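Subject: Structure for you to look at

Hello,

Here is the structure I said I would pass on. My notes on what was found in it follow below.

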Amino acid sequence: MEEPGQLKRALIDATAGAISGAVSRTVTSPLDVIKIRFQGFWRGNVPALLMVMPYTAIQFTVLHKLKTLASGSSKSEDHIHLSPYLSYVSGALAGCAATVGSYPFDLLRTILASQGEPKVYPTMRTAFLSILQRRGIRGLYAGLTPTLIEIVPYAGLQFGTYDTFKRWTMAWNRHRSSHPNESDLFLSSFQLFLCGLAAGTCAKAVCHPLDVVKKRFQIEGLPRDLRYGARVEDRAYKNMFDALCRILQTEGWAGLYKGIVPSIVKAAPAGAVTFVAYEFTSDWLESVST
């Protein structure tokens with residue numbers, strides 16, 4: 001059984017993660033509308049919020065635990081000294097855990113957002129029950145494999161580059177300071193935001209084609225109106241590699257990068273807000289729990 005201190009730390013990480021996810025989703029929700037219009041998806045904000053809160057709660061809890069194991073210390077300030085390799089691996093594993101834990105919400109959100117008008121499913125509950133009836137429990141995890149394949153490089157890059165940018169910023173602070181001291185290790189909220197913005201941009205730019213493929217698997221068999229994009233028939237693709245090849249063949253490289261600009265416009269600020277909100281919420285929760 002874990003010690004009380006470890007349980008408290010896990011609770012702080014989970015709470016701070018959930019709050020940061022909710023804040024990020026709320027603040028950047030208008031930007032998601034832009035992304036939705038370019039990729040052909042529509043609405044789905046409530047299930048998106050239900051998805052992002054457990055996702056970020058699990059992600060930051062697992063991330064802190066992994067970094068604690070790797071560094072031998074539970075103090076966040078000691079985690080920044082981990083090697084970039086360990087930061088990437090910890091982020092990738094945390095992303096996988098969060099994806100598995102919250103995936104049905106992500107699936108429902110995508111389906112509700114992509115159906116257009118007239119609605120195929122008026123509510124998240126009807127979508128959930130229909131998927132269970134037609135495809136069983138496995139239907140709630142349709143597209144999980146390509147999602148995990150996407151999340152490994154995405155989460156790894158996002159957290160790995162975020163830690164790297166933080167280290168560079170700390171070094172810059174020490175370089176600029178005439179009297180270097182411990183305060184140089186603490187970054188301002190604006191500096192944290194810039195680090196998160198850069199990390200989110202890098203991760204999304206590299207992994208966007210995998211996100212396009214994931215979405216195709218998630219909306220297979222959805223009988224939406226053709227005004228909202230071509231229908232993806234059931235089992236249209238044999239596997240992820242087949243999907244990549246067929247999209248390239250029929251749509252060219254533009255098909256794999258469809259909506260990349262609005263995706264970066266939405267994902268980069270969302271990641272930045274998540275990181276800043278998590279850092280401050282975590283610090284606040286630590287201070288009130290001592």
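A residue is called buried here when its relative accessible area is under 20%, exposed when that value is over 50%, and partly exposed in between. By that cut-off Ser20 is buried, because its relative accessible area is 0%. Please keep in mind throughout that this is a predicted model.

Overall make-up

The protein has 10 helices and 0 strands, so the pattern read along the sequence is α-α-α-α-α-α-α-α-α-α. There are 290 residues, and buried ones make up 50% of them. The protein exposes about 14500 Å², with carbon and sulfur atoms supplying 66% of that area. Taking contacts between residues at least 6 apart in sequence, 78% join residues at least 24 apart.

Cores

The largest nonpolar core has 18 residues. Within this core, the residues that touch the most other members are Phe60, Leu63, Phe159, Tyr162, Leu192 and Phe275. At least two residues of this core come from each of the helices α1 (4–39), α2 (45–71), α6 (144–176), α7 (189–218) and α10 (260–289).

Which residues does Phe159 touch, not counting residues up to four places away in sequence? They are Gln59, Phe60, Leu63, Ser87, Gly91 and Phe275. Among them, Phe60, Leu63 and Phe275 are also on the list of core residues that touch the most other members.

Ser20 and its surroundings

Ser20 sits in helix α1. Leaving out residues up to four places away in sequence, Ser20 touches Phe60, Thr274, Ala277 and Tyr278. A polar atom of the Ser20 side chain lies 2.8 Å from the backbone oxygen of Gly17.

Together with Ile19 and Val23, Val27 forms a nonpolar patch on the surface, and the three have about 220 Å² of accessible area together.

Ala92 belongs to helix α4 (residues 84–114). Is Ala92 buried or exposed? Ala92 is buried, because its relative accessible area is 9%. Not counting residues up to four places away in sequence, Ala92 touches Val152, Ala155 and Gly156. The C-alpha atoms of Ala92 and Gly160 are separated by 8.9 Å, and these two residues are 68 apart along the chain.

Val89 is in helix α4 as well. With a relative accessible area of 31%, Val89 is partly exposed.

Salt bridges

Side chains of opposite charge can pair when their charged atoms come close. The structure holds 7 salt bridges. One of them joins the side chains of Glu279 and Lys166, at 3.0 Å from N to O. This pair links distant parts of the chain, with Glu279 in helix α10 and Lys166 in helix α6, 113 residues apart. Both Glu279 and Lys166 are buried.

The side chains of Lys204 and Asp211 also meet in a salt bridge, with 3.9 Å from N to O. Here too, both residues, Lys204 and Asp211, are buried.

A further salt bridge is formed by the side chains of Lys258 and Glu251, at 3.4 Å from N to O. Lys258 is partly exposed, because its relative accessible area is 37%. Glu251 is likewise partly exposed, with a value of 30%.

Finally, Arg9, Asp13 and Glu286 are linked in a network of salt bridges.

Regards

How values were computed:
Residues numbered from 1 in each chain as written. Predicted model: local features only at pLDDT ≥ 70, side-chain atom pairs only at ≥ 80, totals over all residues. Heavy atoms only, no water. Core = buried A, V, L, I, M, F, W, Y, C linked by side-chain atoms within 4.5 Å. Buried < 20%, exposed > 50% of the residue type's maximum accessible area, 1.4 Å probe, protein only. Helix = DSSP H or I, 4+ residues; strand = E, 2+ residues; numbered from the N terminus. Contact = heavy atoms within 4.5 Å. Patch = residues over 30% accessible without salt bridge, like charges linked within 9 Å, V, L, I, M, F, W, Y side chains within 5 Å. Areas by Shrake-Rupley, 256 points an atom, 1.4 Å probe, with all protein chains shown as cover. Salt bridge = Lys/Arg side-chain N within 4 Å of Asp/Glu carboxyl O. Polar contact = N/O pair within 3.5 Å; in protein donor to acceptor, adjacent residues only side chain to side chain.
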